[in-house]
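My entries follow the structure shown below.

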Amino acid sequence: MSADTTPAPAGPAATALVGRTDLRALAEQANAELENAPAGRIVEWAHATFGADLVVASSMADTHLVHLASTAAPGVDVAFLDTGYHFAETLGTRDAVAEVYPVRLLNITPLQTVAEQDAEYGPRLHERNPDQCCALRKVEPLERALKPYTAWINGMRREESPTRADIPVIGYDAKRDMVKISPLAAWTQDDLDAYIVDHGVLTNPLFMEGYTSIGCEPCTRKPLPGEDPRAGRWAGNAKTECGLHT
């Protein structure tokens, strides 16, 4: 399917089922019931509960989450944050997803182009202040993209890093007053690899080159032998998260 540039208005599905003030209770109950459920079942629950008020966030570093969502919730909105700093391979993966999978791809851009940001803050802000760069090119666009929705799906996994070790499969995102769904929370790398092979999932070519965690090109390198899979993100900085999940 072709890509759109703006999110669709939220539909009535979730508001017909639950008031926004009850989202925390809804998330807690669903998490208790679905903690050990297969990832596809969790996405099916989310789609049945929220309908058009549901969106999937994907960096296109990988596409197993989008494939899963397209199978369990065909036609679901998928938001991609086009930071202006992505690898060409990541943009190619985005374009392939839009063509191959039955989803509605939303290409979300920052308020400023890279050139406009450079003019205001100086060039290579990502080196001098990576937190500010992420805030401008990832966090603000995500906030804007999520605003029309009541629930969002992300691809975080507990084994990825200590900061993600306790994430629930369904939680309440108090910062945004939304339900936050992590259907792959319990997946291991072996689970992920098996899913990709079993379903012939589109793969970002950078994985074939030795990358294990893919973000913006200036802030991503291949991990060294024995390093944590996310060690190549913001290497040389204490930074471990872009801010989307904190």
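In which handedness of crossing, left-handed or right-handed, does α3 pass α4? I found that α3 passes α4 in a right-handed crossing, where the near helix is turned clockwise from the far one by less than a right angle.

I noted that this is a predicted model, in which local features need pLDDT of at least 70 and side-chain atom pairs count only at pLDDT 80 or more, while totals for chains, interfaces and linings use all residues. Residues are numbered from 1 along each chain as its sequence is written, and side-chain values use heavy atoms, without hydrogens and water.

Entry on the helix pair. I looked up helix α3 (residues 39-50) and helix α4 (residues 64-72), whose axes come within 9 Å and cross at roughly 55 degrees. That makes α3 oblique to α4 (angles under 35 degrees count as roughly parallel, over 145 as roughly antiparallel, 65 to 115 as roughly perpendicular and the rest as oblique). In α3, Ala 39, Gly 40, Val 43, Glu 44 and His 47 are in contact (heavy atoms within 4.5 Å) with Leu 68, Ala 69 and Ala 72 of α4.

Entry on α4. I recorded that 8 of the 9 residues of α4 are buried, so this helix is largely enclosed by the rest of the structure; buried means under 20% relative accessible area, with a 1.4 Å probe and protein chains only. The cover of these buried residues includes α3, β2 (54-57) and α9 (189-199).

Entry on His 64. His 64 lies in helix α4 and is buried, with a relative accessible area of 4%. Beyond its neighbours within four places in sequence, I found His 64 in contact with residues including Leu 184, Trp 187 and Tyr 195.

Key: Axes are lines fitted to C-alpha atoms, for helices over the stretch in contact, and angles run from 0 to 180 degrees between N-to-C directions. Helices (H or I, at least four residues) and strands (E, at least two) are DSSP runs, numbered from the N terminus. Buried means under 20% relative accessible area, exposed over 50%, partly exposed in between (1.4 Å probe, protein chains only).
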